[in-house]
Amino acid sequence: MSLNNFLPDRPLNIALLGATGAVGKELLQLLEDRSFPINELRLLASERSAGKFQSFHGSQIKVEAVDSEKFEGLDLVFASAGGSVSKKWKERINNSGALLIDNSSAFRMDPDVPLIVPEVNPGKAFTHKGLIANPNCTTILLTVVLKPLSSLIPIERVVVSTYQSASGAGAQAMQELQDLTQEVLNGKKPKSSVLPYSLAFNLFLHNSPLDLNSYCEEEMKMVNETRKIMDCPDLSLTATCVRVPVLRAHSEALNIQFEKPFPIEVARELLLNAPGVELIEDFQKNRFPMPTDVAGKDSIAVGRIRQDISHPNCLELWLCGDQIRKGAALNAIQIAELLITRP
Ligand code: A2P
């Protein structure tokens, strides 16, 4: 790795590990849209996808099955093929001299691994030792919105409920939601195989494994990762995570308790000017953010900022953000962009 942990100052040799998945495909699109400086691009996935083609800047790139030779000569690997795949290849990637930006949860809470949201803790990215973790999707959306508020008045407690789309469970879960919705419309009884239950005209508590404290893994990721990203080890946060029959983009209802009352107009102004945030708020028309407002978009939409009538120090607000974009692929690319932008 070069001096100061920047990426080399030239077009980079890059691999997408998990290139055929929902996040991998979005990474590919964003690399093209953002004219990321690329010399060579390798698309890696499992044996199942070897030989398929994906388009990039008008040319067709062949997907290859990952093996230990495929990381030779690379500068940067974006991994979005799940924790076990990242764990399996991490050492090989680092031995080849490449930086791994990992979308899985495998290394996020490792104290040696920076967990980065560029709008929140960009400086930490430069402390990496060959691996940077991309946070959990709902946590990224949450911290981008908490940060500008906490910069003015410290936060004491956050209560969050999530409404998470099928995209969070990958491309197969998105397809299953479409297929099972059609089955219900055709009068059939939907039978799920990707998610534990059918999401069609339904919702259920997040299906990640339950902890001993009865919180699920997703909820505890929000607690622990938010504390790490915001560098607030004692922050009180409680979450309830729910899967909803939305194809793409997550929503979150937040109750934020500050050390003292937070004037609504100041909060609105801060969020209006916060990087990565847009305000969708028309009280006259009762119009606030919806998943369809942000699907395929970079910004996180915030609205219905209001005083909590039950507590003078609390604000309520609602947000929507594209899980595949800012919640995963875009955030990963923004991390890499931090490391290529020289002062
Ligand atoms: P493949 O399409 O060959 O199965 P998603 O999160 O949308 O389900 O995508 C998962 C991604 O991870 C896909 O690109 C998938 O490739 C890839 N993947 C899954 N298992 C492996 C593996 N053992 N080795 C490499 N890539 C894998």
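**Notebook: the largest cavity and the sheet beside its lining elements**

I looked up which elements contribute to the lining of the largest cavity: helix 1 (22–33), strand 5 (76–79) and strand 6 (99–102) each supply at least two residues. I note that the model is predicted.

I then listed the lining residues themselves. They are Val23, Leu27, Phe78, Ala79, Ser80, Ile101, Asp102, Asn103, Asn134 and Ala332. Sorted by class, I find 6 nonpolar, 3 polar and 1 charged residues in this lining.

Next I checked the number and volume of cavities. The structure holds 1 cavity of 30 Å³ or more, and the space in the largest cavity comes to about 40 Å³.

I turned to the pairing of the two lining strands. Strand 5 and strand 6 run parallel and are joined by 4 bridges. Within this pair, I recorded Leu99 of strand 6 as the bridge partner of Leu76.

I followed these strands into the sheet. Which strand order does the open sheet have? I read 3-4-2-1-5-6-7 for its 7 strands, and the pairing is mixed. The edges are formed by strand 3 (53–56) and strand 7 (131–133), each of which pairs on one side only. From one strand to the next, I note an average twist of 25 degrees.

Last, I looked up where helix 1 sits relative to the strands. Helix 1 lies across strand 1 (12–17), strand 2 (38–45), strand 3 and strand 5.

Technical notes. Residues are numbered from 1 along each chain as its sequence is written. This is a predicted model: local features need pLDDT of at least 70, side-chain atom pairs count only at pLDDT 80 or more; totals for chains, interfaces and linings use all residues. Side-chain values use heavy atoms; hydrogens and water are left out. On a 1 Å grid over the protein atoms alone, a cavity is a set of points where a 1.4 Å probe fits but cannot get out, and a pocket is an open set with protein on both sides within 12 Å along at least five of seven lines; lining residues have an atom within 4 Å of a point. Grid points are joined across faces, edges and corners, and a volume is the space filled by probe spheres set on the points. Ala, Val, Leu, Ile, Met, Phe, Trp, Tyr, Cys and Pro count as nonpolar, Asp, Glu, Lys and Arg as charged, and the others, Gly among them, as polar. Two strands pair if DSSP finds at least two bridges between them. Axes are lines fitted to C-alpha atoms, for helices over the stretch in contact, and angles run from 0 to 180 degrees between N-to-C directions. Contact means heavy atoms within 4.5 Å.
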